[in-house]
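Welcome! Here are a few exercises to work through with the model open beside you. Try each task before you read its solution.

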Amino acid sequence: MKAKYEMLFTGAGGQGVILCSIILAEAAFLTGKNVAQSQSYGPEARGGLCRAELVIDEAKIVYPKVTHADFLLALTQASLDKYGPGVPADAMIVMDSSLQAPENLGSGNVVALPILYTASKVVGNVLTANIVSAGAIDALLGIAPGALLEQAMRMHIPWGTEAMNLLALGEGSKLGAAARRAARQ
Amino acid sequence: MASRLIERYMRGAYLPHIWCAGCGNGIILRDVVQAVDNLRLEKRDTVFVSGIGCSSRAVGYLDFDTLHTTHGRAIAFATGIKMARPELKVIVLTGDGDAAAIGGNHLIHAARRNIDLTVVVLNNNIYGMTGGQFSPTTPIGDFSTTTPYGGIDPDFDIPALAQAAGATYTARGTAYHAAQTTKLIEAAILHEGFSVVECVTTCPTYYGRKNHRGNAVEMLKWQRDNAIPVAQARNLPREALEGKIVYGELWRCQRPEYTRQYAAIIERAGGKKQ
Amino acid sequence: MAEGRRLLLHGNEAVVEGALAAGMRFFAGYPITPSTEIAERCALRLPQVGGRFIQMEDELASMAAVIGASVVGVKAMTATSGPGFSLMQENIGYAALAEIPCVIVDVQRAGPSTGMPTSPSQGDYMQARWGTHGDHPIIVISPSSAQEAYFETIRAFTLSERLRVPVILLMDETVGHLREGVELLDASEAAASDRLARDDAEQAEKPYAVLPGEYVPRLSPFGQGALYNITGLIHDDRGFPTSSKEAADRLCRRIMEKIAMNAGEIERYESRHMEDAQVCVVSFGGTARAVQAAVDAARGDGIRVGLFRPITVWPFPEAALGRICGRVRDIVVAELNGGQMKMEVERVAAGRCRVHHLGRVNGAILTPGEILAAIREVAG
């Protein structure tokens, strides 16, 4: 990961991509880095397109929004179609494997992961897609050690959902680690 | 004994008051002070709050901590005082326009919370300070400077409104029935919860003149002849109460008081030791 | 400074933590986007420290309840956004005239009217100064980061308590919903100054009289036996309504002078790269973050440009900006409105330099790229 890393998280309202970005922000913050997390917010977050931004920097962050995305998460076709073409050529795109990659994506560095399948079929609750995503992204990028990621997650999930979300985080980590190994080969 | 009351509870330097000759507000204010005296309320533990209008000027004459606020908002200011210092007695003096028109929302929501405030509404059925426009308690058909053809707006029954919204004590008195009104105000102050006492006063200058009700004495006599004690009114058919004033204690019940409930929240949240 | 806690908080949360550190123990509010998290966190946090939260029926009532709590000596705050800020104005004026300390947070959103509730704006800049009727004093502070929101909230309480004036914390959605690391102080370090009170014979007689050389009356809280009157009518030193022209003049001048006479303590701004600058970008709040990035980039290209950022935006830092106006050739005012701060800058510049405007009224923010382009164009 570069010293300054700019990330976009996109999906449908209700999928929890904002929470995913907050957990990763918290994890990076716990490692001692500077972070700036924000989101497009409001009624559109209830069903329509939803977008969160995260800047992680070893130096002080002046402008807190994403200007040059290094990373894009897309959990719906609509969000991939909207934000995929605009990312720079060196950005990594993580998309759910149920989606069709459009031809005009800005970057060829596309990682398709079965995030929604894992959440609904392996963890057993599609609402954990954001936690699966967080685990996968952290494993792919090495934002924070697993223990700090777990600590970050615990700070932001509802009381009583720990067991399910820990499972989701672990399954996500497996997806990310496998993809990372595949990319190296 | 008015002179003793004045000496003890009123800011003599600011008397005589600004109200018109024949205005009933002075009688109601005396009832309030008499109630405070009967209950031996400590001055330093009692705060009077008012809004804007003829009646709201009353607090200026009271030798207490007195907050003369903005139009309609007296109950909201009083809510802040009571929440911040629940041990204080907080008494609101307000008028019909102040409490039931511009401040109507605060009246019903304070009633809903059942916060321990005593609200004395001096109802003169008119906007006096601005020169005689109809208020939410001007009877339908009556005249004012803004109902030159007679009013088409139905009027509010303030105690019924407060009761429906959740007030746990309501009463009505009149300027004529001074002794009874004093007792009603006393009971309201003693009641833990949101209490409303409507005090029907007289405005010979505007309401009386616009509606041919005669001078101050004739208006008070009208109150004497047209006020019905609540116990008697309960046995009368609705038509018999048309145009009459039903006075006495109208409603009383017990519900958890708001600041007491909040104290329990502080305890639950661990803030009591602070 | 003792080791404080560092937390990841968004600007709205940082405001609450700052307020609690300053000793705020009462909050009244009404839900409105994008300020609601302030009420939510107060509802959770206040009872933990023995404070009290109440959700009122509207913003008129919220502002009234805040003043009521402050009258009995409790540090009090409310938070809102544009439509609610409009509803609060009458009672903000009451607090200004009756000299009741209080802090009002306005997390600005795009307007006018219901506008774009979730989109950022800086369109309440003039309203924060002139929103309530009559001539009145006010202090307005606009932070540009979550950390600054924390510290400036503490300072807002200090200024409000010491000068007995409403202080507006003028946030924008960009800062309110931005999560960043925030260093929290120990309560002992953070405590804002308290209002001064006196309980001597003169206080009882003339609560609104000020001591020689002072501008702020030392009213004691209600409920301590002082037994005085507070009114929104023009009043004399005794706190009673008066129609005396002399008394009205004395009161209205004094409440404005108490701000002017303490300008040094109130004023706060950031000046960056201004030593040799030929172009100055003036900006405030969240927008200044984009400006700083653009100025840094322009400096990299050798353009002699600097940033002037009022933190206390009212009273406007006219002396400091005036010195800049005499030195630079161009000023660009970058703000999310139709030119509100630009009017102030033009007034201060008084023709000494060219004043340009880069504004936005569509609910979008200004980006560093757009600001850099404007700097390049002006720099020639």
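This is a predicted model: local features need pLDDT of at least 70, side-chain atom pairs count only at pLDDT 80 or more; totals for chains, interfaces and linings use all residues.

**Exercise 1.** In β8(C), which residue is the bridge partner of Ala36(A)?

*Solution.* Residues are numbered from 1 along each chain as its sequence is written, while chains are lettered from A and ligands numbered from 1 in the order in which they are written.

Step 1: find the partner, which is Glu180(C). β2 of chain A (residues 34-40) pairs with β8(C) in the antiparallel sense, over two bridges. Strands are DSSP runs of E with at least two residues, helices are runs of H or I with at least four, and both are numbered from the N terminus. Two strands pair if DSSP finds at least two bridges between them.

**Exercise 2.** Describe the side of chain C that touches chain A.

*Solution.* Step 1: count the residues. Chain C gives 16 residues to the contact and chain A gives 16 residues; two residues are in contact if their C-beta atoms, placed from the backbone, lie within 7 Å. Step 2: assign elements. On the chain C side, β8 (179-184) and α12 (287-300) are the elements that give two or more residues, and α12(C) has the largest share, five residues.

**Exercise 3.** Trace the crossover that links β2(C) to β3(C) and give its hand.

*Solution.* Step 1: look at the strands. β2 (residues 26-29) and β3 (residues 52-55) of chain C pair in the parallel sense over four bridges, with Phe27(C) opposite Phe53(C). Step 2: follow the chain. From β2(C) the path runs through helix α2 (residues 36-45) of chain C to β3(C), a right-handed β-α-β crossover. Right-handed means that, with the strands pointing away from the viewer, the path from the first strand over the helix to the second runs clockwise.

**Exercise 4.** Check each chain against the compact-globule rule.

*Solution.* Step 1: set the rule, 2.2 Å times the number of residues to the power 0.38, for a radius of gyration taken over C-alpha atoms. Step 2: take chain C. Its 380 residues call for a value near 21 Å, and chain C has 21 Å, so the two agree. Step 3: take chain A. For 185 residues the rule gives a value near 16 Å; chain A has 15 Å, which agrees.
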